Amino acid sequence: MSSVATQQADTHSGAHEEETGLWSWITTVDHKRIAIMYFVTATIFFFVGGVEAMIMRFQLMNPEQSLISAELYNQLFTMHGTTMIFLVAMPMAVAFFNYVVPLQIGARDVAFPRLNALSYWIFLFGGLYLNASWLFAAAPNASWVGYATLTSSQFSPGVNVDFWFISLSILGIASIAGGVNFITTIVNMRAPGMKLMRMPLFTWMTFVTSFLLITAIPVIAVALIFLGFDRLFGTVFFDPGMGGDPVLWQHLFWIFGHPEVYILILPAFGVISDVIPTFSKKPLFGYPIVVYAGILIGFIGWGVWSHHMFTVGLGPIADSFFVAATMIIAIPTGVKIFNWIATMWGGSIRFTTAMLFSIGLLAVFTVGGLSGIMHASAPVNLQQHDTYFVVAHFHYVIVGGAMMGLWAGLYYWFPKASGRFLNETLGKWHFWTTMIGFNLTFFPMHFSGMFGMPRRIYTYSADLNVAIYNQLATIGAVIFAISAVIMVWNLVQSWRKGEKAPADPWGAPHLEWSIPSPPHHYNFPELPTVRSREPLWNDGEREEILAVTMGEATEEPHMPNPSYWPILLAASITLAWALVMTGVWWVIALGIIPVFFCTLMWGLEPAFPEDH
Amino acid sequence: MSTELQATQSGEHSHDEEGHGSVAMYIWIGVILAVLTFVEVAVFYIEAFEAVEVPILVVLSTAKVILVVMYFMHLKMEHRALTGLFMSGVVLTVFMVCALIILYHFLPRFAFAP
Amino acid sequence: MFALARGGAVLLLLLLAACGTEYPQNSLSPHSDFAETIHQLYVSIFWWTMFILAVVWVLLAWVVVKFRAREGDEKPRQIRGHLGLEIGWTVGPALIVIAIAIPTIQAVFATQRPVSEDAMTVEVTGHRFWWEFHYPEQGITTANELVLPVDRPVNLRLGSPDVIHSFWVPKLGGKRDANPTVAVRDGEEPKYNWLFFTPQETGYFYGQCAEFCGESHAFMAMRVLVETEEDFEAWADRWRESPGALPPSGPEQPEDETELEMAGMPVQADEPDELEVGDEDPLVAMGRDVFLNQATCLACHAIEGTSAQGDRGPNLTLFGERTTLASGILENNPENLAAWIKDPWAFKPAAAMPGVDYDMQGTAGFWPATELSDEQVRAVSAYLLSLK
Amino acid sequence: MAQAAAADHHATNTGISNFKLGFWTFLASECLFFGTLISTYMVYKGTALVGPYPAEIFSVITTTVSTTVLLFSSLAMVLALDAVQKANKKAALWWLFAVIAMGGIFLGMEFQSYLKYIDYGLTLTSSTFGSSYYVLTGTHKVHVLFGMIWMGILGWRIYTNRIGPPQAEQVEVAGLYWHFVDIIWIVIFTLVYLIP
């Protein structure tokens, strides 16, 4: 991959060119390379999670089957959920944050390039650590929500849950670092004239998402610390026999977990808010409203967590509060959908694959949103909670919303990253197989859920009469899997020999399209001055910007040094956390030493060439 | 990079080479903080305040927090972006702590148990 | 779009087909006041959401067809927004949300209020992986099959000694978690979840644990039998008549009492069974002997009127009347029962009942199945099935 | 830390260096971290099944003394920053030493109380009160300890003339951290020790 990327760059040989080779990727602090690494890693994990899902689908295809053991099934669904959320949807969004945000705001890199690399390596090692549990046949098996007391050492005596809580805490570090990084970048590093209310929507949603990351992740971090102490040192946080309340885990988990849902969906909203105007040739309808709606969703998202807990028995007053808060969220979400439709209204719509995925998102996400309104109603939730109806709902939201949005972004920004188009024919195959496969997999689950099939079950009685829905779902899953293969085939083929793309292949309005595809490692030879929300759509402004951005860097750009401390620090953090598993105080204390040493060396290393 | 970005500086040059305040002011703040702490402890021990103890303590410790943030951490003198960033965390924290306390100590777990 | 429409049509057909099929755990088929309240609310919300879905999909389809790019298109008018429209599609959904929220909150309060003062209480305990039902007023304990009188309000008190379970019988209403009971200081009342409803029709209802509770979560089903008041009272009387108590040959105690004592088992030395030997099936008599005197079944199981008073496993009084076995996963017949006794983990991995090829942590020393011959297993199952 | 120096070279939209802005953002995140620990302590207030209970063991007087020490260490911290900005190396070193020393006194006193509580039978595993109390205050102490190490490194760099007025921001950000840890203690002091 690296050789292709630099071949492209060679054609615009500027001041100082980026190095190639494995070592340069390991030590890179370039946001674009980190983005590509994020994307590739997340796609690999997507296949891991997908295989887990396929095995489960075949196990559930017919009632009372036992292709695999119940224990293995529990490990599969736990790992599927954890993988898809923490190792696929989140990092794939972060890949886009990384690639796109600095380009959209006219910056040369993120605010903390080495921290950015650290985030990636921690994510990679955390993900590998989680999946290493398979090697010990001890994958986490207490579901992705890990409800106490099932995760206590009494009921989960093995190391399964240890792998889970340790890798999740490791991944949390990456997320907080990423959140801090992007907030700082967006607040501090915008090009001249790029006011907040001129930022592209994708940057805006990155901003909101980053806030959710830095505020929600600490809560789960503490909950995981409690869990770890309970398991390893015998504290009684979630031990009912000692007065500890298992429901507190649920509160802490969902205080994190619900903002997490918006962490997943808001980047997708951002993507389609950029894609839809481009391919409708119209500016986003009601830009400020869409921005405020996004902020509002993020903010109210903090006050609704207990709608995951209506069956827990919090009492009618608490239930009513969370019903009301949850339903209020539906309003800004609806406003956004109508604004997107209004953006297309009266436009001139080109059905590129990116646009198809955006329209698909609108059609499919609405279904997920509306089933969400159904179980936002607490009494109705009592019937639907923990059934396949809910499984259908959140897959419509996460796959039909978050993932569709990210795939739209993939087709949209791939030409920028590679200098080549993704194949549109394969893209349309990808889209239609996704639509058919996805809907066929998850729509029938509404029925199996309402007809009484609980989720997280290894098998079900033939008496329930839900086999037909499960068979449809399995067929759909196969089609869906094929769509994923088409996507990867398209990625590999197009990266190597796709049709060459110009700087601005779509006629899009934002800054990232004002520089060559792929961009120089320093992005902008000089920083352009922005005077409007769609700078490349205003004739005069476009000329001015292109005059600045399409040139070469005249002097050596001020770029950060490559560094190997991020990967070393990430490795030592992972090691330190892994040692926690021993539960021995002095071993854990020893593990801190390399972390401390790497942090110190990191601090003493100059970040930029001229800092000596 | 530095030259182009110079133009974008939005007004406030908060980075003051002389620092943010005078030594005398810092010492005054330190003294006030100590006094507030002793008032808190006094409220704790004086039984007459028992009924209003909790609100008084909450107000006093909030005052202490605000003093430290505003003067020792110089937030008062900084760009308001910092206030916005930090306050977003503080507001959510206060909301979460209050919500959990209410859920556990003020609402019955199941209102109409027979 | 076409694929969507086609998919929708196929699924609609399926839904229609579904109407003719019997779904024992159908959440859309209310048979109690509680389920009825939920169902009415659901139906109204369902139509609201269908309305919104129709609006969005029709608009979307219209826009996609009408405004697709054509040859020679001019640059579209650059419209940036419209305040009236924005207000419209904020207020519109807000009104719908209010229309949904008000009945929802009414239902929240309605469904969490005891149905009446004189309701019957049943203490439901979710165990890994079976259900225990204790009727404090009747003094009855049973397992996995809850028997309720029709039209009598019932309050279920939900608890668990281990992990979270969730009591869910869809036709009788929504689920409620059976949380591990949190220990409290002396003098304080532990808190429980409650579920209130009045079954409105007699019948046989399926239910299932709905909160993931470990390896055999999928095998933690239950049944609810709603009977007429008379049938219910008759059942309760039969339970109290202790049908399992006919001893084959007077009192006989386990030979090695110390072994049982070491395992924490109450030894019932001074409670001789005094009933006469009837003209019963010798297999049943043998089974009783095995159950009470040879194997260690009674360490965990109780049968009313016998020396078996264990409380770790399901209470087996009136076991012969149960329709299912192993918490609703097997039909209750001699073959299944024998197979279950021989090797429970074949049906329910990690079940607390020890079987042929494995040891249980903490219950070492109890080893019924391996030392039982096939005939003894058959005898035990015959004995258990005779309990009616 | 070198990042701070680097960031000084660039103008930013807000005029605040990335390092400082990023650190404030991190502190917002830390609020939630301690908020969760504090929530848990508050939720479990009064649920301990066995003693010792808070009122039986807390010595408000001792804690007041340690709290005051920590408060004054915050004062020393701003004075150290002031000295660095005024290129007064000697004063800066003295004030930083005072910060570390007061942090050490605080830790020592708190550690002493831990030993006393353990004597009374309150351990990490004895009750919900023990678990939530030790994990909350222990996390805070780890933060104090980390701050002391940070101050030590800064002191060394000042001593070797690597930090002067142009690099004062390194001290400023360390100060932000120290004050934040102080704030958390102000809240803990009130909520844990004073409110019944």
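Author: Happy to. Keep in mind that this is a predicted model.

Strand 2 of chain C, residues 130-135, is joined to strand 3 of chain C by four bridges, and the two run antiparallel. In general, strands of a sheet pair through backbone hydrogen bonds, in either a parallel or an antiparallel way. The whole sheet in chain C is an open one built from five strands, ordered 3-2-1-5-8, with mixed pairing. Strand 3 (140-143) and strand 8 (193-197) of chain C are the edge strands; each has a single partner strand, so one side of each has no neighbour in the sheet. Going from one strand to the next, the twist averages 25 degrees.

Now over to another part of the model, where chain B meets chain D. The contact draws on 55 residues from chain B and 52 residues from chain D. About 4600 Å² is buried between chain B and chain D, and carbon and sulfur atoms give 75% of that area. On the chain B side, B:Phe72, B:Met73 and B:Phe86 lose the most area to chain D, together making up 12% of what that side buries.

What about the polar side of things? Six residue pairs are in polar contact between chain B and chain D, counting pairs with both residues at pLDDT 80 or more. The rule also finds one salt bridge across this interface. The side chains of B:Glu78 and D:Lys20 meet in a salt bridge, with an N to O distance of 2.7 Å.

As for which elements take part, helix 1 (2-6), helix 2 (23-45), helix 3 (53-72) and helix 4 (80-106) of chain B each give two or more residues to the side that touches chain D. Helix 4 of chain B supplies the largest share of that side, 14 residues.

D:Thr64 belongs to helix 4 of chain D, residues 60-85. Leaving out residues up to four places away in sequence, D:Thr64 touches B:Thr37, B:Phe38 and B:Val41, along with D:Phe189. D:Thr64 counts as buried because its relative accessibility is 5%, and the cut-off for buried is under 20%.

Key:
Residues numbered from 1 in each chain as written. Chains lettered and ligands numbered in written order. Predicted model: local features only at pLDDT ≥ 70, side-chain atom pairs only at ≥ 80, totals over all residues. Heavy atoms only, no water. Buried < 20%, exposed > 50% of the residue type's maximum accessible area, 1.4 Å probe, protein only. Contact = heavy atoms within 4.5 Å. Pairing = 2+ DSSP bridges. Axes fitted to C-alpha atoms, helices over the stretch in contact; angles between N-to-C directions. Buried area = accessible area lost by both parts, 1.4 Å probe. Salt bridge = Lys/Arg side-chain N within 4 Å of Asp/Glu carboxyl O. Polar contact = N/O pair within 3.5 Å; in protein donor to acceptor, adjacent residues only side chain to side chain.
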